[in-house]
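The sequence and structure come before the details.

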Amino acid sequence: MKEKSCVKLLEKKCKADSYEKLMALDNPKLVDFVAKYVEHCNPASVFVRTDSAEDAQYIRNKALENGEEAKLAIEGHTVHFDGYDDQARDKDKTRYLLPPDMNLGAHINVIDRGKGLKEVHEYLKNIMHGKEVYVCFFCLGPTNSEFSIPCVQMTDSGYVAHSEGILYRSGYEEFKEIGDSHEFFKFVHSAGVLENGVSKNIDKRRIYIDIKENVIFSTNTQYGGNTIGLKKLAMRLAIHKASQEGWLTEHMFIIGVHGPGGRVSYFTGAFPSACGKTATSMIKGETIVGDDIAFLRKKNGKIRAVNAEYGIFGIIRGVNSKDDPLIWEALNCPGEIIFSNVLVTDDRIPYWHGKDGDIPPKGINHSGKWTIGKKDSKANQISPSHKNARYTICLSGLKNCDPKLDDPRGVVVGGMIYGGRDSDTLVPVEQAFDWSHGILTMGATLESETTAATLGKEGVRKFNPMSNLDFLSITVGKYIHNNLKFGNAINKPPSIFSVNYFLKDKNGKYMNAMNDKYVWIKWMELRVNGDIGAIKTPTGYIPKYKDLKRLFREVLDKDYVEEDYAEQFTLRIPENLAKIERIVKIYKTKVPDTPKVLFETLEEQKKRLEAARAKYGDYVAPGVFDKKAIRD
């Protein structure tokens with residue numbers, strides 16, 4: 001827009017001092033972006049959110065006034081409902097806007113950039129008529145840091161603006177620091193026409209990602225995964241940015257594991273859905289920096305990581321006082337929390353699947369008034385709480401929040417963990433030989449079995465390298481290359497581990513208890529600090545029995561018998577060879593730019609496995625390799 005018409009429009013539309021707030025940032029590129037979409041979406045008014053407590057409260061109040069949230073019984077708690085058919089990320093309508101000459105690989109859902117921009121702008125035309133648009137400033141990563149990415153969100157949803165105020169660090173002052181720079185992420189969202197408080201035109205739901213201009217467009221949807229732009233949508237932009245600049249954006253938690261003498265070693269971890277990611281990030285006795293997205297950079301010969309976020313948009317299903325005491329306590333204390341798509345009883349108490357106590361006989365949920373036995377128009381039983389119901393909370397509201405959450409330098413990463421759901425192949429915990437071996441045989445080969453309870457057919461192995469396949473904005477081959485180059489550029493990169501909490505015996509019974517992971521994490525902490533040795537096998541380093549026996553006693557006050565150890569840590573050669581064959585086939589047929597070193601590394605592992613089988617048979621107990629125990 002021309003400068004004069006831009007100023008005139010904003011002066012007319014902005015509420016109270018919002019125009020002055022915007023102009024105080026002294027960023028013509030930002031002002032032009034805001035003016036462009038104010039003109040195009042045509043809201044009745046514009047509210048600009050700064051970092052002030054008053055502006056944050058204004059957004060909270062608007063979410064209530066607009067009917068997007070309602071108060072619950074505990075002070076600070078609210079509930080939000082998405083539409084009945086708007087309860088999850090829309091993978092089909094989440095697309096990258098790419099020019100015809102650009103190819104990011106078969107796994108990425110794309111639309112021609114010109115066509116996609118035309119379509120989404122048609123949907124956005126006058127979409128905010130009669131509404132107020134909230135112009136909000138946030139920061140991915142700690143503020144005043146080399147990790148910082150300033151972001152501006154334009155949304156007509158008080159719920160979205162409120163959620164981002166919980167999940168992300170305020171960034172208005174960060175924009176003052178960058179001056180007239182154009183290096184910021186941009187988000188435009190509208191819930192569209194609302195009917196009974198939810199998005200009506202779901203057929204026009206679109207989530208389009210423009211990596212050329214670093215813009216996310218989201219229309220006719222309310223569900224957080226489609227609308228909270230700074231989450232997985234911004235992650236896609238950040239992966240592309242990181243690839244260009246030589247750092248990493250990973251789908252990883254960050255935790256502080258507490259070792260001997262008050263030592264804290266920091267680990268990142270990538271796990272596909274339903275594989276133990278949240279449970280690991282919230283292990284009792286350890287501290288959490290982040291549960292979902294990590295930025296990693298090299299600094300003075302070390303890899304440092306920050307949490308891109310400041311809060312948790314967590315699945316609430318299964319949270320209870322026994323298994324999740326820290327989250328449970330936070331969810332039952334006064335404080336700012338948004339519950340979404342749970343059941344709300346007449347006395348304004350939320351209920352979700354797996355919560356302590358009985359299922360209430362009636363209440364309000366995402367389907368409206370609900371009673372036991374209610375069915376939808378297709379005769380499907382409606383559960384009291386949606387299986388994807390969520391809670392949105394600041395990490396600072398958790399007692400186990402790590403004191404370095406906001407450290408602008410990040411934390412030094414001592415170890416990286418890859419975990420999947422695997423019933424028959426991988427041992428419970430194993431360390432890679434080195435960075436390249438870990439990236440290529442643990443990260444790039446990550447698989448997870450589906451579960452009958454949630455996805456229909458049980459045991460189908462889903463290929464998901466580094467648990468990041470859904471969010472890549474570069475080719476898989478380029479992504480693997482970037483990871484290899486990143487760690488190999490320093491003398492002593494973090495140790496890499498795989499974990500598997502789902503190994504079963506021949507009768508289909510899990511070999512490990514749920515809290516055995518407390519021991520695996522302590523073993524990893526000792527390994528990265530060189531405190532204990534390990535046993536070398538063809539696939540990596542595994543624990544010695546004597547070390548696990550001691551740790552089970554110290555950590556869980558539990559006996560750990562050698563027979564269990566032998567069964568759990570047996571090298572299953574046929575299954576490992578079958579996995580290599582599956583993975584090689586995927587990379588040869590679906591990833592044309594696969595680095596040659598991946599095939600070479602897997603071939604070397606295959607030869608080691610075949611040599612072991614020729615000498616010891618198909619299934620090799622850990623004691624056979626114990627003579628190769630090491631200290632390194």
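## A loop proline

Pro408 has a relative accessibility of 35% and therefore counts as partly exposed (buried is under 20% relative accessible area, exposed over 50%, partly exposed in between, with a 1.4 Å probe and protein chains only). Pro408 sits in the loop that runs between β26 (390-394) and β27 (411-419). Helices (H or I, at least four residues) and strands (E, at least two) are DSSP runs, numbered from the N terminus.

Leaving out residues up to four places away in sequence, Pro408 touches Pro142, Thr143, Asn144, Ser145 and Phe147; contact means heavy atoms within 4.5 Å.

## Basis of the model

The model is predicted: local features need pLDDT of at least 70, side-chain atom pairs count only at pLDDT 80 or more, and totals for chains, interfaces and linings use all residues. Residues are numbered from 1 along each chain as its sequence is written, and side-chain values use heavy atoms, with hydrogens and water left out.

## Aromatic pairs

The whole structure contains 26 aromatic pairs. Rings of Phe, Tyr and Trp (its six-membered ring) pair if their centres lie within 6.5 Å; planes under 30 degrees apart count as stacked, over 60 as edge-to-face and the rest as tilted.

Phe137 and Phe175 form an edge-to-face pair, because their ring centres are 5.0 Å apart and their planes stand at 65 degrees. Phe137 belongs to strand β6 (residues 132-140) and Phe175 to helix α7 (residues 172-178), so this pair ties together parts 38 residues apart in sequence. Phe137 counts as buried at 0% relative accessibility, and Phe175 counts as buried at 1%.

The pair of Phe271 and Tyr501 is tilted, because the ring centres are 6.1 Å apart and the planes are at 35 degrees. Both Phe271 and Tyr501 are buried. Elsewhere, Trp520, Tyr545, Phe552, Tyr560, Tyr565 and Phe569 make up one aromatic cluster.

## Packing of α12 and α14

Helix α12 (residues 435-443) and helix α14 (residues 476-488) have axes that come within 9 Å and cross at roughly 160 degrees. Axes are lines fitted to C-alpha atoms, for helices over the stretch in contact, and angles run from 0 to 180 degrees between N-to-C directions. The helices α12 and α14 are therefore roughly antiparallel (angles over 145 degrees; under 35 is roughly parallel, 65 to 115 roughly perpendicular and the rest oblique).

In α12, Trp435, Ser436, Ile439 and Leu440 meet Ile480, Asn483, Leu484, Phe486, Gly487 and Asn488 of α14.
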